[in-house]
Amino acid sequence: HAKENGRNNYMFFEQDMNARAVQRQSTEAGLRRALERREFVLHYQPKINLHSGAIVGVEALIRWQHPEQGLLPPAQFVPVAEDCGLILPIGRWVLREACCQARAWRQAGLPPIIVAINTSALEFRAKDFFQNIRAALEETHLEPRYLELELTESILMRVVGYTDEVLHALADLGVKLTLDDFGTGYSSLSYLSKFPIDTLKIDRSFVRQITSNPDDAAIVSAVISLGKSLKRRVIAEGVETPEQYAFLLARHCDEGQGYYFGRPVQAGEFAGLLANGISGTLL
Ligand code: C2E
Ligand code: MG
Ligand code: MG
Ligand code: MG
């Protein structure tokens, strides 16, 4: 009996695997069409100077305006795009779109802010990564210091000469570098002195319970101190409540990002935010 059950389970498992493979293939085909038909959009979420309340930056976050399924979040297609390599052309689109938008806001007379994009490890390892960034900046006439790359720790883990070279070339060009989701990866603190990282972005999972979990409070406080000592900027992501904001402010965290300050919104709506500020929502 047990054996039969085992086999049934195995069959269900296999069916499930097949269903997933089919799903993946159709997502991949969909992504190819999406690139041609320009179905991707960027939403923009503000980064706030916690002390002044000013918007100092913005993170561009990709969405897929799917013809049948509506607006899809990156979790539903970025992993597939990374697996099949389509993240490379998608990433090139994100880069140009974000630079163009930043430049357009400037030309509309809005205050200068830094625009950040997320970089996959696969993109970073592509041979033309640096050239691509430099070309996009030149084409869009955006000064390098207004572009920020959010990198994950997995990019730095490959401690090969190439990583070091690319990061230093970007830093020399003036592009800002941020360690995203800080604390969740296999970080080695030596990365912080080895690589020209400007900013540590504390992961949302630590911020969520800073006012209720003493361990998380201690970790966040320690990262803020570490950043201060190393003269790196520190930003906390996932700030959702005034209590979390007050905690971060009291510990002199530089910047914050999260639903409390503003959700990711379309470019037009973000321009309104940038023009008027978001001081109404501050403490
Ligand atoms: P991430 O870079 O860590 O981005 C933060 C995510 O947290 C975003 O989800 C954002 O909408 C969400 N978030 C921001 N504030 C809050 C908050 O207060 N509470 C909660 N619960 N969530 C908040 P999103 O837009 O779904 O993006 C998820 C991930 O997808 C990103 O994580 C990033 O790793 C990836 N991603 C997004 N856009 C791109 C892109 O253009 N290229 C690549 N390679 N990856 C991207
Ligand atoms: Mg990010
Ligand atoms: Mg993050
Ligand atoms: Mg994250």
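Glu237 sits in the loop that runs between strand S8 (233-236) and helix H11 (242-250). Helices (H or I, at least four residues) and strands (E, at least two) are DSSP runs, numbered from the N terminus. The model is a predicted one: local features need pLDDT of at least 70, side-chain atom pairs count only at pLDDT 80 or more, and totals for chains, interfaces and linings use all residues. Residues are numbered from 1 along each chain as its sequence is written, chains are lettered from A and ligands numbered from 1 in the order in which they are written, and side-chain values use heavy atoms, with hydrogens and water left out.

What is the nearest side chain of opposite charge to Glu237? Lys201, at 4.1 Å. Here Lys and Arg count as positive and Asp and Glu as negative, while His and the chain ends are not counted. Glu237 is buried and has no salt bridge. Buried means under 20% relative accessible area, exposed over 50%, and partly exposed in between (1.4 Å probe, protein chains only). A salt bridge requires a side-chain nitrogen of Lys or Arg within 4 Å of a carboxyl oxygen of Asp or Glu. The side chain of Glu237 does reach the backbone nitrogen of Arg204, at 3.1 Å. Leaving aside neighbours within four places in sequence, the residues in contact with Glu237 (heavy atoms within 4.5 Å) include Asp180, Asp181, Lys201, Arg204 and Gln257.

Lys201 belongs to strand S7 (residues 199-202), where Thr199 and Lys201 point one way and Leu200 and Ile202 the other, all of them buried. In a regular strand the side chains alternate between the two faces of the sheet. Strand S7 runs parallel to strand S6 (residues 176-182), joined by three bridges; two strands pair if DSSP finds at least two bridges between them. Thr178 has Thr199 in S7 as its bridge partner. S7 also pairs with S8 in the parallel sense, over four bridges, and Ile202 stands opposite Ala236 in S8.

Lys201 is also one member of a network of salt bridges that links Lys47, Glu59, Glu148, Glu150, Lys201, Arg233 and Glu255. Within it, the side chains of Glu148 and Arg233 meet at 4.0 Å, N to O. Glu148 lies in strand S5 (residues 147-151) and Arg233 in strand S8, so this pair ties together parts that are 85 residues apart in sequence. Glu148 counts as buried because its relative accessibility is 2%, whereas Arg233, with a relative accessible area of 25%, is partly exposed. Arg233 forms a further salt bridge with Glu255, the closest N and O atoms being 2.4 Å apart. Glu255 lies in strand S9 (residues 255-256), so its pairing with Arg233 ties together parts 22 residues apart in sequence. Glu255 is buried, at 8%. The count for the model comes to twelve salt bridges. Another of these joins Arg145 and Glu143 at 3.2 Å, N to O; Arg145 is partly exposed at 44% relative accessibility, as is Glu143 at 35%.

The nonpolar side chains remain. In soluble globular proteins, such side chains tend to be buried together. The largest nonpolar core has 81 residues, and Leu149, Leu170 and Leu248 have the most contacts inside it. Helix H3 (residues 87-107) gives the most to this core, with nine residues. A nonpolar core is a set of buried Ala, Val, Leu, Ile, Met, Phe, Trp, Tyr and Cys residues joined through side-chain atoms within 4.5 Å. Not counting residues up to four places away in sequence, Leu149 touches residues including Ile117, Phe129, Leu170 and Thr178.

Methods:
Polar contact = N/O pair within 3.5 Å; in protein donor to acceptor, adjacent residues only side chain to side chain.
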